[in-house]
Amino acid sequence: MLTDPRIARMAKVLVEYSLGVQPGWMVTIDSTTEAIPLAQAVYAEVLKAGGHPFVLLDTPDVRTMLMRDGTDEQLLYGNPYKQIMLERSDAVLTILSETNTREASNIDPARQGLLGKGEGSLGTLRMQRIAENRPGCLTLFPTSAYAQDAEMSLAEFEEFVFHACLLDGEEDPAARWKKVSRQQQRIVDWLAGKREVRVEAPGTDLAMSIEGRTFINSDGKRNFPSGEVFTSPVEATVRGHISFTYPASYRGRSVQGMKLMFEDGRVTQFSAEAGEDFLAAMLKLDEGASRLGEFAIGTNEGVTRITRNVLFDEKIAGTMHCALGAAYPNAGGINKSAIHWDIVTDMREGRITVDGSVLYENGVFVI
């Protein structure tokens with residue numbers, strides 16, 4: 001596990017910078033029992049900030065138990081406690097802390113889809129909180145499961161997380177994230193008012209309109225770590241094809257070698273080298289699942305390798321990612337879905353042009 005000083009430093013930047021907790025705020029810490037050390041450290045920092053902290057903990061395997069043993073009615077029921085959390089909390093911190101990321105591998109994709117529908121209202125509330133600029137952050141506590149996925153020892157993975165979160169070194173982490181924010185804002189400012197994006201790379205030629213949409217500077221407040229600029233494209237304008245070079249993990253399942261074809265904003269053809277049955281189930285989950293809700297470019301140079309965890313992989317400098325499903329209202333997106341599935345592809349042999357001008361080439365911004 002992370003040593004105590006690291007946990008304390010991480011908790012401090014989460015509370016003071018990412019969430020910006022103020023006196024009197026109700027702050028909910030949502031995680032599993034595996035992340036108790038970080039949850040307790042965050043609890044202590046919220047108390048110091050004058051807030052009212054509350055902890056909501058699951059045991060690691062309860063979600064899989066529900067998918068395996070629950071009736072259809074139980075899968076669709078939803079979680080009223082998390083609904084209350086999202087409605088009433090001034091700030092919400094979600095800490096990922098799985099002990100077995102492959103636990104749902106043998107669950108019928110249709111049952112996973114039913115649970116996704118049951119959780120759809122929670123996704124809607126999360127998007128509503130973002131639209132209203134209510135503080136909320138997603139982070140991760142290192143576990144052996146994540147380390148195994150990344151093909152690292154737990155100690156190596158801890159070092160990786162610490163570095164990606166800009167928590168190492170002598171400089172104040174919040175100051176480092178503010179520097180990232182300034183650098184990314186220059187990209188966001190350049191993109192303001194632009195109309196059309198085209199992405200070209202091996203196996204990829206994808207175009208979309210961004211007219212009237214806003215690019216967001218993701219600087220460690222909604223995700224920790226972060227490092228990306230993103231928007232929601234004009235839904236019906238996405239066209240062309242894209243090949244995703246990295247494994248696409250979602251809800252305990254992994255899809256590899258995914259290829260998607262878009263016409264009039266909707267996936268019309270798809271394939272995958274592995275996990276195609278799960279991909280098919282997610283695409284037909286609801287009306288919005290086969291549309292893009294996000295287009296983004298990763299900027300975090302501290303994420304130096306693939307981990308099979310999208311919190312990190314989508315931030316890798318030299319990559320771009322798209323998300324199937326729910327769009328971001330604060331970016332101007334209107335697509336609604338029970339899923340938001342980020343899928344990453346390498347851009348070190350590719351380019352992104354905007355209104356005919358090259359923004360990004362071979363993994364580097366050139367503006």
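Which residues does Glu294 touch, not counting residues up to four places away in sequence? In this predicted model, the contacts of Glu294 are Glu228, Phe230, Thr231, Ser232, Pro233, His321, Cys322, Ala323, Tyr328, His340 and Asp342. Glu294 belongs to strand E15, which spans residues 292-298. Glu294 is buried, yet has no salt bridge. The nearest side chain of opposite charge is that of Lys315, 8.0 Å away. The Glu294 side chain instead makes a polar contact with the side chain of His340, at 2.9 Å.

Salt bridges occur elsewhere. The structure holds 21 of them. One joins the side chains of Lys82 and Asp30, with an N to O distance of 3.5 Å. Lys82 lies in helix H5 (residues 80-88) and Asp30 in strand E1 (residues 26-32), so this pair ties together parts 52 residues apart in sequence. Both partners fall under the 20% cut-off for burial. Lys82 counts as buried because its relative accessibility is 16%. For Asp30, also buried, the value is 3%. Asp30, Asp58 and Lys82 are linked in a network of salt bridges.

A second pair is Glu151 and Arg308, whose closest N and O atoms are 3.9 Å apart. Glu151 counts as exposed, at 60% relative accessibility. Arg308 counts as partly exposed, at 26%.

A further salt bridge connects Arg239 with Glu196, the closest N and O atoms being 2.3 Å apart. Arg239 is in strand E10 (residues 239-243) and Glu196 in strand E5, 43 residues apart. Relative accessibility is 38% for Arg239, which counts as partly exposed. Glu196 is also partly exposed, at 26%.

Strands E10 and E5 belong to an open sheet of eight strands. The strand order is E14-E13-E10-E6-E5-E18-E19-E20, and pairing is antiparallel. Strands E14 (266-271) and E20 (364-365) form the edges, each pairing on one side only. Within the sheet, six bridges join E5 (residues 196-201) to the antiparallel strand E6 (residues 204-209). Ala201 has Thr204 of E6 as its bridge partner. Helix H11 (residues 276-283) packs on the sheet, touching E13 (259-263) and E14. The direction of H11 makes about 170 degrees with that of E14. Helix H10 (residues 173-191) lies across E18 (351-354), E19 (357-361) and E20, running at about 150 degrees to E19.

How values were computed:
Residues numbered from 1 in each chain as written. Predicted model: local features only at pLDDT ≥ 70, side-chain atom pairs only at ≥ 80, totals over all residues. Heavy atoms only, no water. Pairing = 2+ DSSP bridges. Helix = DSSP H or I, 4+ residues; strand = E, 2+ residues; numbered from the N terminus. Contact = heavy atoms within 4.5 Å. Axes fitted to C-alpha atoms, helices over the stretch in contact; angles between N-to-C directions. Buried < 20%, exposed > 50% of the residue type's maximum accessible area, 1.4 Å probe, protein only. Lys, Arg positive; Asp, Glu negative; His and termini not counted. Salt bridge = Lys/Arg side-chain N within 4 Å of Asp/Glu carboxyl O. Polar contact = N/O pair within 3.5 Å; in protein donor to acceptor, adjacent residues only side chain to side chain.
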